[in-house]
Amino acid sequence: MAAQKTKKRRKKKHILRKLVLLVLLVFVCFAVAAFTPYFNINEIRIEGNQKVETQLIQEASGLDTGVNLFRIKLSTVQKNIAKIPYINSVQVKREFPDGIAIRVTESEPIACVPFLDGAVLIDKNGKALEKVTMDKTSNYLAIMGSEMVNFEPGEKIIVENQKKLQIILATVAEIVHNNLMGTVVEINVEDTSSIEYKLNGGRLTVLMGASDELAYKTRFLKQILSELGDNPKGVVDLTAKDPTYRLK
């Protein structure tokens, strides 16, 4: 019995020595690789960007050629690039022996929120992308009555009432989901119990009421629009039990 215990102890020590040697070997290999010019960055490949300039992404990454692949922290590079307002997500990978691949997806400006002497473009998540002059907002869904008080590019817009922001984002999401972007040109959420849509250059007003049945009402609106033709105008009232339509 004693001989078996001694044998087991020796076996455990043998395994432990092997593990220690393996760890030391890995450490030595890593240390050598970290100071070997063979693994110095020779190419930084950036893909997926259309609006954000490649040079801006590379500058934000903090990377440059000649730096050893093993001496960079990928998570730090990703965080640096993600600070660019128009960057939605980013992936950074080492491509041995001497390359770095950066793949980004960009945020899409989907709506504009009037603010001071211009408007702030936001994505579907309410992230502020940039401030523009009013003459550059015609291609975006206008959000009126938001009560926005401030914004920081790359962060969600700041409004007086966070519940109102949630309603705004839910409204935009339903418009996108029902393929009504470009058809609905403006939403007014000044009174969240009486939300309004504007369509056809403002010639058609849709009274949506409160946001509690927003998904159903937006789907129903899509059906109504298919019956009103190509140039609808007047008022569609979805607040009553039986929806109504009138020319004025």
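A salt bridge here is a side-chain nitrogen of Lys or Arg within 4 Å of a carboxyl oxygen of Asp or Glu. By that rule the count comes to six salt bridges. The model is predicted, so local features need pLDDT of at least 70 and side-chain atom pairs count only at pLDDT 80 or more, while totals for chains, interfaces and linings use all residues. Residues are numbered from 1 along each chain as its sequence is written, and side-chain values use heavy atoms, leaving out hydrogens and water.

Let's start with the sheet. Three strands form an open, mixed sheet in the order β1-β3-β2; strands (E, at least two residues) and helices (H or I, at least four) are DSSP runs numbered from the N terminus, and two strands pair if DSSP finds at least two bridges between them. The edges are held by β1 (43–47) and β2 (87–95), each with a single partner strand, so one side of each has no neighbour in the sheet. Neighbouring strands are turned by 15° against each other on average, direction ignored. Strand β3 (residues 99–106) runs antiparallel to β2, and eight bridges join the two. Look for V92, which stands opposite I102 in β3.

Now for the charged side chains on these strands. R45 and E47 meet in a salt bridge at 2.5 Å, N to O, and R45 forms another with E95, where the closest N and O atoms are 2.3 Å apart. Because R45 lies in β1 and E95 in β2, this second pair ties together parts 50 residues apart in sequence. E47 also meets R103, at 3.7 Å, N to O, linking β1 with β3 across 56 residues. Through shared partners, R45, E47, E95 and R103 join into one network. How accessible is R103? At 44% relative accessible area, R103 is partly exposed, a class between buried (under 20%) and exposed (over 50%), using a 1.4 Å probe and protein chains only. R45 is partly exposed too, at 27%, as are E47 at 32% and E95 at 33%.

Finally, the helices. Helix α2 (residues 54–61) lies across β1, β2 and β3, at about 120° to β1; axes are lines fitted to C-alpha atoms, for helices over the stretch in contact, with angles from 0 to 180 degrees between N-to-C directions. Contact means heavy atoms within 4.5 Å. Helix α3 (residues 74–82) lies across β2 and β3, running at about 150° to β2. Elsewhere, the axes of α4 (residues 162–177) and α5 (residues 214–228) come within 10 Å and cross at roughly 35°. A170, T171, E174 and I175 of α4 make the contact with L214, A215 and T218 of α5.
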